[in-house]
Amino acid sequence: MTDPVIEGIELELLLQALQQRYGYDFRQYARASLLRRLRALAESSGKLRLSELIPLVLHEPAFLDQLINGISVSVTEPFRDPRTLRAIMDKAVPWLGSHPFLKIWIAGCSTGEEIYSLAILLEEAGLLARTQIYATDINTESMRKAKTGVYNLEAVKNAEDNYRLAGGRKQLSDYYVAQYRRAKFAARLFERVVVSQHNLATDAVFGAMQLILCRNVLIYFNRELQERAVDLFAESLVHRGYLALGLRESLRTLPTGLRFEEVDGASKLFRLR
Ligand SMILES: C[S@@+](CC[C@H](N)C(=O)[O-])C[C@H]1O[C@@H](n2cnc3c(N)ncnc32)[C@H](O)[C@@H]1O
């Protein structure tokens with residue numbers, strides 16, 4: 001087993017190489033999960049040590065996607081954490097509906113199940129036609145999948161209860177076509193969506209949004225990076241805009257969290273003061 005001090009140096013050098021070569025900055029990600037994922041990537045690439053990944057980062061551009069995929073945790077599901085979606089529908093939609101045009105940012109959209117979930121609920125609330133959804137991530141492979149709208153049929157069927165818990169009023173099956181073991185969501189749900197790459201660690205403010213969802217992303221960041229991201233959200237929201245986080249995420253320990261008030265603590269829905 002590698003000496004943890006030496007492995008720490010290897011990790012620093014690897015992250016520095018990645019940052020200098022491509023501008024991707026993972027130096028402020030929570031260490032334990034980052035180490036676990038990079039060790040697994042090294043092993044699957046037939047390498048004994050993290051430092052052996054450095055030449056791949058420097059000299060093999062094709063390795064970049066593999067590395068980003070290896071580092072980012074893309075686990076997601078349709079209508080994940082339905083109580084947050086429900087809180088958005090109950091508490092934010094009346095205010096959202098008072099705008100002639102809406103801009104919503106889903107930061108860390110992964111493979112896109114969250115996009116379709118929100119689009120369905122917005123359509124049922126009569127808001128989708130006047131909404132622009134910006135969905136961003138750093139993982140290009142996930143983003144490619146998000147654009148297809150095609151998912152495992154079983155996983156989509158299993159989301160029926162959560163759809164209902166999120167406030168859904170129809171049958172989830174009204175929104176997709178089942179083909180063999182896949183479900184393809186209706187194309188109209190995606191008409192108002194733009195998917196693009198945006199890195200919360202390095203990129204800038206994204207525009208005047210009424211609502212931002214960034215769920216189950218901050219949990220992988222250290223405090224400084226969480227602070228940066230939440231600051232970015234505060235700057236990207238219009239006055240009194242809403243922010244939804246993941247159920248295990250909090251603004252409590254962040255100085256910039258003071259810029260938000262809690263709308264529904266248990267559902268992690270906040271509002272810019
Ligand atoms: C666990 S998924 C969350 C997906 C979805 N929001 C949900 O709650 O199910 C975390 C996503 O955050 C993305 N991510 C990680 N670091 C990021 C960064 N610096 N900027 C933007 N997205 C990032 C990952 O690529 C991954 O797709």
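This is a predicted model: local features need pLDDT of at least 70, side-chain atom pairs count only at pLDDT 80 or more; totals for chains, interfaces and linings use all residues.
Residues are numbered from 1 along each chain, following the sequence as written.

**Two residues with positive phi**

- Asn216 is not a glycine, yet its phi is positive, near 60°.
- You'll find Asn216 in the loop that runs between strand S7 (209–214) and helix H10 (223–236); helices (H or I, at least four residues) and strands (E, at least two) are DSSP runs numbered from the N terminus.
- Arg240 isn't a glycine either, and its phi is positive at about 70°.
- Arg240 belongs to strand S8 (residues 237–245), and it counts as exposed because it has 11 C-beta neighbours inside 10 Å.

**Around the ligand**

- The ligand has 21 residues around it, and the closest are Ser72, Thr76, Gly108, Ser110 and Leu200; a residue is near a molecule if its C-beta atom, placed from the backbone, lies within 6 Å of it.
- That shell is made up of seven nonpolar, 10 polar and four charged residues (Ala, Val, Leu, Ile, Met, Phe, Trp, Tyr, Cys and Pro count as nonpolar, Asp, Glu, Lys and Arg as charged, and the others, Gly among them, as polar).

**The nonpolar cores**

- The largest nonpolar core holds 62 residues, and Ile106, Ile115, Ala119 and Ile212 have the most contacts inside it; a core is a set of buried Ala, Val, Leu, Ile, Met, Phe, Trp, Tyr and Cys residues joined through C-beta atoms within 7 Å.
- Helix H6 (residues 113–124) is the top contributor to this core, supplying seven residues.
- Beyond its neighbours within four places in sequence, Ile212 is in contact with Trp105, Ala107, Phe233, Ser236, Leu237 and Leu243 (contact means C-beta atoms, placed from the backbone, within 7 Å).
- There's also a second, separate core of 13 residues, with Leu11, Leu14, Leu15 and Ile71 among them.

**Two domains**

- The protein chain splits into domain 1 (4–71) and domain 2 (82–272), with bounds from an automatic or database domain assignment.
- Taken over C-alpha atoms, the centres of domain 1 and domain 2 are 29 Å apart.
- Where they touch, domain 1 brings 10 residues and domain 2 brings 12 residues.
- Helix H4 (residues 63–71) gives the largest share of domain 1's touching side, with three residues.

Terms used
A residue is buried if 20 or more other C-beta atoms lie within 10 Å of its own, exposed if 12 or fewer, and partly exposed in between; C-beta atoms are placed from the backbone. Two residues are in contact if their C-beta atoms, placed from the backbone, lie within 7 Å.
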